[in-house]
Amino acid sequence: MTEDQQQSLIREIFSLLAKRSDSVCNFLEGGSLTAFGKDTKLIYRHFATLYFVFAVDNAESELGILDLIQVFVEVLDKCFENVCELDIIFNSDKCHYILDEIVMGGMVLETGVGEIMESIIDMNKLEQTSAKANIKA
Amino acid sequence: MIKGIFIVNNTGKARLIKVYERREFCNSVLHQSFAEGYQSIVDTSPLTALLFFVTSTNSNQYLSLLS
């Protein structure tokens, strides 16, 4: 998917979400999205300034994905301590790493906050160890 | 299957984009899915991922998501 296609996709998704109030259902049909097939559903949650949107096919459970979004945000919150939009902007690599611990190749790998946090703590330790080794060298 | 994950702010600017594309199955591995309790084939082909920012002076960006 090219950058232009991705930007177009974001515009389409935002136009679908922006007109919905917070009191309406968090699931909507994404069949009109050009990038994905007709069987696509959009499942989203609105936190402060951000929409977390998952595009999924019919094989996925809506409530399962809604819970996954909560898990993702909770992990972000634990990692960054009161996560906000700027944390995501300035720590994009870490956000992608966290996401890779939760979802890989479109499949859900892990939904336990504790297990995900353990992996992230291990990764942080590894980073610190390699940073110290670089300083000594 | 999850086809894509997007974080968009309330002015329509993308903060994180991750699109999962199934390209080939030769690198697939059998994976026990903890979430669903069933065995599934996980496609480990390269993921298309892109993140781009548009700078903004919106002070709401400091707002804690879970507060």
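Within chain A of this predicted model, residues 24 or more positions apart account for 34% of the contacts with a separation of 6 or more. Chain A has 137 residues, and 28% of them are buried. Taken along the principal axes, the box filled by the C-alpha atoms of chain A comes to roughly 55 × 30 × 30 Å.

Turning to secondary structure, chain A holds five helices and five strands. Read from the N terminus, the order of the elements is α-β-β-β-α-α-α-β-β-α.

One helix pair can be followed in some detail. Helix H4 of chain A covers residues 92-102, and helix H5 of chain A covers residues 113-136. The two pack with their axes 10 Å apart, at an angle of about 135 degrees. Because of that angle, H4(A) is oblique to H5(A). The crossing in which H4(A) passes H5(A) is right-handed.

It is worth looking at the side of each helix that takes part. From H4(A), the contact draws on Tyr97(A), Ile98(A), Glu101(A) and Ile102(A). H5(A) meets these residues with Ile116(A), Ser119(A), Ile120(A) and Met123(A). Sorted by class, the residues in the contact of H4(A) with H5(A) comprise six nonpolar, one polar and one charged.

How values were computed
Residues numbered from 1 in each chain as written. Chains lettered and ligands numbered in written order. Predicted model: local features only at pLDDT ≥ 70, side-chain atom pairs only at ≥ 80, totals over all residues. Axes fitted to C-alpha atoms, helices over the stretch in contact; angles between N-to-C directions. Helix = DSSP H or I, 4+ residues; strand = E, 2+ residues; numbered from the N terminus. Parallel < 35°, antiparallel > 145°, perpendicular 65-115°, else oblique. Left-handed = near helix turned anticlockwise from the far one by under 90°. Contact = placed C-beta atoms within 7 Å. Nonpolar A, V, L, I, M, F, W, Y, C, P; charged D, E, K, R; others polar. Buried ≥ 20, exposed ≤ 12 C-beta atoms within 10 Å, placed from the backbone.
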